Amino acid sequence: DIVFETLRDEILSGKLPPASALNTLSLAKRLGVSRTPIREALNRLVATGLVENIAHRGSFVRKLSVDQVVEIYYIRAALAGACARLATRRITDAQKKKLTALCEKMEHDTSGVDLKAMLRHNFEFHDIIFKAAHAPSIEHLALQYYHQSEQFRALSLELPGRFEEACREHRGILRAILAGDVEGAERASREHQLNTARRIARSLGYQGEI
């Protein structure tokens, strides 16, 4: 965890700029650890989208475009809002129970849960709302852009405090859906996506409005 956090912070601060080679041996010597935690940290950084593995060359710091992040999340905000609005009118009791159970699970797992579990539970929560909308074309687009944002979403959940924020935002979406508040559900879903974009953009040094 310490190696991962150190390398993540060096990448986000620019100490390790885009395209920097990440050699396990040199990193191990610099950080005073064996190569095993370096490899594990690099695998985790690949999962968050900050590092990429290039065949026959090794691991390198990946260049992230703030404009790309913002564009994808603006699209996701519009689609998620539409799905939540429709789902509020059409969701079944069984789907409401699943959403409630997922909210509780994520809230109880805020410490010590691994990234893959976070991402899986997050996907399950949103996927229920996509399906509850009963709008196949919108659902297809929502899933398409959900997967396009995967690298950024993984990064956002690694940022300090973001997972807890996301849990509160999920709870707000759920409250609106359970109350039958279509406007509130749409608004909360849109803000959830835009908040993710804001946190990622700030971590990359962007100071503009989103």
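These are my notebook entries on a predicted model.

**Ground rules**

I number residues from 1 along each chain as its sequence is written, and I leave hydrogens and water out, using heavy atoms for side-chain values. Since this is a predicted model, I ask for pLDDT of at least 70 for local features and 80 or more for side-chain atom pairs, while totals for chains, interfaces and linings use all residues.

**Entry 1: helix α1**

I took helices as DSSP runs (H or I, at least four residues; strands would be E, at least two), numbered from the N terminus. Helix α1 covers residues 2-13. Its expected span is 1.5 Å times one less than its number of residues. For these twelve residues that gives 16 Å, and the end C-alpha atoms are 16 Å apart, so the two agree.

Next I looked up burial, where buried means under 20% relative accessible area, exposed over 50%, and partly exposed in between (1.4 Å probe, protein chains only). In α1 the buried residues are Val-3, Phe-4, Leu-7, Arg-8, Glu-10, Ile-11 and Leu-12. Just past the helix, Gly-14 has a positive phi of about 90°.

**Entry 2: aromatic rings**

I counted rings of Phe, Tyr and Trp (its six-membered ring) as a pair if their centres lie within 6.5 Å; planes under 30 degrees apart are stacked, over 60 edge-to-face, and the rest tilted. I found two aromatic pairs. Phe-123 and Tyr-146 have ring centres 5.3 Å apart and planes at 65°, so I logged them as edge-to-face. Phe-123 sits in helix α6 (residues 115-132) and Tyr-146 in helix α7 (residues 136-148), 23 residues apart. Phe-123 is partly exposed at 27% relative accessibility, whereas Tyr-146 is buried at 1%.

The other pair is Phe-130 with Tyr-146, also edge-to-face because the planes stand at 80°, with centres 6.4 Å apart. Phe-130 lies in α6 and Tyr-146 in α7, so this pair ties together parts that are 16 residues apart in sequence. Phe-130 and Tyr-146 are both buried. Together, the ring pairs join Phe-123, Phe-130 and Tyr-146 into a cluster.

**Entry 3: nonpolar cores**

A nonpolar core here is a set of buried Ala, Val, Leu, Ile, Met, Phe, Trp, Tyr and Cys residues joined through side-chain atoms within 4.5 Å. The largest has 33 residues, and Leu-99, Phe-125, Ile-129 and Ile-177 touch the most other members. Helices α4 (66-90), α5 (93-108), α6, α7, α8 (150-158) and α9 each supply at least two of its residues. The largest share, eight residues, is from α6.

I then followed Leu-99, taking contact as heavy atoms within 4.5 Å. Setting aside neighbours within four places in sequence, Leu-99 contacts Ile-91, Phe-125, Ile-128, Ile-129, Leu-174 and Ile-177. A second, separate core holds 31 residues, among them Val-3, Leu-12, Val-66 and Ala-77.

**Entry 4: cysteines**

I searched for disulfides (pairs of cysteine sulfur atoms within 2.5 Å) and found zero. For Cys-103 the nearest cysteine sulfur belongs to Cys-167, 7.6 Å away. That distance is too far for a bond. Cys-103 is buried at 2% relative accessible area, and Cys-167 is buried at 5%.

**Entry 5: Ala-166**

Ala-166 is in helix α9 (residues 162-178) and is buried, with a relative accessible area of 4%. Its C-alpha lies 9.5 Å from that of Gln-193, 27 residues apart in sequence.
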